[in-house]
Amino acid sequence: MIKRNSSTPDVKPSSSVNFTAGHLAYAFAVMLTAALFWGVAAARADETDIVLKEGHGRDAVINNCGACHSLDYIQMNSPFLDKAGWEGEVTKMIKSYGAPIDDADAKEIAAYLSANYGK
Amino acid sequence: MPRTGIDRREMLRFSAGTALSAPFLAAAGAAAFASDGPPLDPRLPAGVGTEAKLEALPGKAPLIKLSYRPPNYESPVSVFKDTITPNESFFVRYHLADISNVNAATWRLAIGGEGAATPFEIGYDDLKKNYEPVEFVAVCQCSGNRRGLANPHAAGVQWGVGAMGNARWKGARLKDILAKAGLKEDVLEIAFDGADGPVVDKTPDFVKSLPLWKALDPDTIVAYEMNGEPLPHFNGFPARLVAPGWTATYWMKHLTRIEARSKPLDNFWMKGAYRVPVRLFPSTQRFISQEAPANTPITEIMVNSLITSPLSTEVKSGDTLTIGGIAWDGGFGISSVEISQDGGKTWTDAELGPDLGRYSFRAWQFSLGRPPKGKLDIVAKATNAIGQSQPMTALSNPAGYHHNAVARLALTVG
């Protein structure tokens with residue numbers, strides 16, 4: 001029943017990945033279908049249970065930040081960063097981690113994070 | 001193939017989602033589903049409490065989940081009542097979310113780089129059979145263990161006290177492996193890569209290096225056993241680097257490549273992360289080829305201690321009370337642990353438990369007899385064999401590394 005040894009191939013992907021909300025929705029659908037197929041109790045928590053606060057910029061956060069890491073990182077790092085602190089985090093993700101986030105989204109993300117998860 | 005990465009990731013997440021079937025359900029019990037979550041240190045950022053959960057990854061016991069992807073799970077403090085950390089309870093830490101399951105039969109460890117005269121590959125059986133095995137107990141501790149307790153808070157995984165574990169590691173000496181590669185005279189660093197990688201290509205792959213002297217230390221090994229068993233997948237199967245005494249950032253999991261370098265490794269993980277301000281910590285072990293004027297790579301673990309008993313803050317008067325815990329350091333060995341009952345004004349030596357080696361947790365205990373009703377401000381402070389001891393408050397630094405403030409327990413005897 002546990003398919004973990006065969007569910008993740010040994011080969012690393014070499015192509016770059018361009019994420020969109022559609023991809024995430026697709027992936028979620030795949031997971032949900034798989035869960036139903038195997039009859040897995042849906043009650044167990046996973047990252048799809050993470051709910052970020054409503055607010056302008058939340059979609060940009062889900063689509064950009066959520067491509068590389070689960071969104072629990074945001075709540076975990078709150079509320080102690082001020083506006084400059086969150087801007088610094090977004091810049092770090094772009095400059096140090098190579099996150100493909102355009103300028104408009106970057107501004108929206110930092111504004112959302114400091115408004116909703118800032119100190 | 002744009003979907004490759006995300007499908008793989010979702011698959012991994014799905015496999016995590018199935019973990020609470022038969023083998024894990026009993027162990028997880030109600031805890032994994034409890035709405036009130038795991039016990040968390042009040043010094044952590046408030047946001048940690050909204051998402052931290054007791055969750056079991058495949059092959060692991062329930063641990064405190066801090067992030068799902070990449071998976072970062074710490075051991076609850078109760079795990080450290082045992083001096084050796086069971087494999088299933090050992091913390092899990094990844095930087096990047098593309099985590100392959102490695103098949104031991106097809107796994108190869110490549111030894112090469114411009115500083116290797118005779119590059120070659122090692123297979124799993126080869127590693128176990130053709131190199132003299134070495135075995136010892138050592139603490140594996142994340143550089144950012146206790147980051148969540150830092151004041152002011154530093155961004156990153158908000159670890160409590162459990163991003164560490166102590167295991168008996170068995171493996172081949174790295175220096176024996178390197179000897180076969182014919183190191184050239186100008187080799188400066190040895191670099192390590194693992195099978196895990198980034199989700200997007202532009203994210204720097206997690207590759208780390210050691211100075212040659214540490215790589216050639218006879219205690220630096222390529223480990224294929226942990227507490228007498230193969231490494232759990234989430235702790236680096238089939239083989240990981242064990243650089244005892246040094247923080248876990250150097251303990252590369254799922255090793256795939258070892259590279260002899262004549263130039264310093266120049267990547268984000270060496271130049272941008274895992275660095276501490278110069279002269280802030282009393283580190284004695286240097287990584288000279290990576291030093292910069294303002295900061296320097298983190299090296300050995302700072303002397304530290306943890307109180308593991310009692311875990312409650314209230315005890316009954318009339319009962320005998322023993323304070324227990326563990327102490328450890330960067331490989332010099334623990335020489336004493338002192339206990340204060342008055343917040344650090346007066347100190348008395350605790351009794352040390354068995355010595356499992358200089359890299360290991362050292363158990364200690366201190367009996368208070370039957371204390372009368374009142375409040376006790378218990379403090380534990382460890383000192384190592386070169387005279388270093390714990391500061392009363394952690395030394396603040398930008399990334400929240402090396403949190404080694406004295407252990408404290410405010411006890412009410414009622």
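**Starting point: strands S9 and S14 of chain B**

Strand S9 (residues 189-194) of chain B runs antiparallel to S14(B), the two being joined by six bridges.

Keep S9(B) selected and consider its side chains. Six of the six residues of S9(B) are buried, and the strand is thus mostly covered. B:Glu189, B:Ala191 and B:Asp193 point one way from the strand, while B:Ile190, B:Phe192 and B:Gly194 point the other way. Both sets are buried.

Within S10(B), B:Lys208 is the bridge partner of B:Phe192.

Now return to S14(B), which covers residues 255-261. Five of its seven residues are buried, so the strand is largely enclosed by the rest of the structure. Select strand S5 (residues 108-112) of chain B as well: S5(B) and S14(B) pair over three bridges, here in the parallel sense. The residue opposite B:Ile258 of S14(B) is B:Ile111. As background to both kinds of pairing, strands of a sheet pair through backbone hydrogen bonds, either parallel or antiparallel.

**Chain B as a whole**

Select the whole of chain B. Its secondary structure comprises seven helices and 25 strands. The chain has 414 residues, of which 62% are buried. Of the contacts in chain B between residues at least 6 apart in sequence, 69% join residues at least 24 apart.

**B:Arg173**

Select B:Arg173, which lies in strand S8 (residues 164-173) of chain B. Is B:Arg173 buried or exposed? Its relative accessibility is 19%, so B:Arg173 counts as buried, the cut-off for that class being under 20%. Leaving aside residues up to four places away in sequence, B:Arg173 touches B:Glu132 and B:Val134, together with B:Pro218, B:Thr220 and B:Ile221.

**The open sheet of chain B**

Move to the sheet in chain B that has the strand order S18-S25-S24-S20-S21. These five strands form an open sheet with mixed pairing. Its edge strands are S18 (314-315) and S21 (348-349) of chain B, each of which pairs on one side only.

Select S18(B) together with strand S25 (residues 407-413) of chain B; they run parallel and are joined by two bridges. Here B:Glu314 has B:Thr412 in S25(B) as its bridge partner.

**Cysteines in both chains**

How many disulfides does the structure hold over all chains? There are zero. Select A:Cys65, which is in no disulfide; its nearest cysteine sulfur belongs to A:Cys68, at 9.2 Å. A disulfide would require the two sulfur atoms to be within 2.5 Å. A:Cys65 is buried, with 12% relative accessible area.

In chain B, select B:Cys140, which is likewise in no disulfide: the nearest cysteine sulfur, that of B:Cys142, is 8.5 Å away. With a relative accessibility of 1%, B:Cys140 also counts as buried.

**Helix H5 of chain A**

Select helix H5 (residues 83-95) of chain A. Its 13 residues, at 1.5 Å a residue, should span 18 Å, and the end C-alpha atoms are 18 Å apart, which agrees. Which residues of H5(A) are buried? They include A:Gly85 and A:Trp86, along with A:Glu89 and A:Val90. These residues cover an arc of only 140 degrees around the axis, so they are on the same side of H5(A). On the other side of the helix, A:Ala84 and A:Lys95 are exposed.

Show also helix H4 (72-76) and helix H6 (103-117) of chain A, which are among the elements that cover the buried residues of H5(A).

**Last stop: confidence in chain A**

Colour chain A by pLDDT. The chain averages 76, and 63% of its residues score at least 70. Residues 1-22 of chain A have pLDDT below 50, and this stretch has 49 contacts in the model beyond near neighbours in sequence. Select residues 24-43 of chain A next: pLDDT stays under 50 there too, and the model gives this stretch 27 contacts beyond four places in sequence. Where pLDDT is low, the predicted coordinates should not be read in detail.

How values were computed: Residues are numbered from 1 along each chain as its sequence is written. Chains are lettered from A and ligands numbered from 1 in the order in which they are written. This is a predicted model: local features need pLDDT of at least 70, side-chain atom pairs count only at pLDDT 80 or more; totals for chains, interfaces and linings use all residues. Side-chain values use heavy atoms; hydrogens and water are left out. Buried means under 20% relative accessible area, exposed over 50%, partly exposed in between (1.4 Å probe, protein chains only). Helices (H or I, at least four residues) and strands (E, at least two) are DSSP runs, numbered from the N terminus. Two strands pair if DSSP finds at least two bridges between them. The expected span of a helix is 1.5 Å times one less than its number of residues. The arc is that of the directions from the helix axis to the C-beta atoms. Contact means heavy atoms within 4.5 Å. pLDDT is the predictor's confidence in each residue, from 0 to 100.
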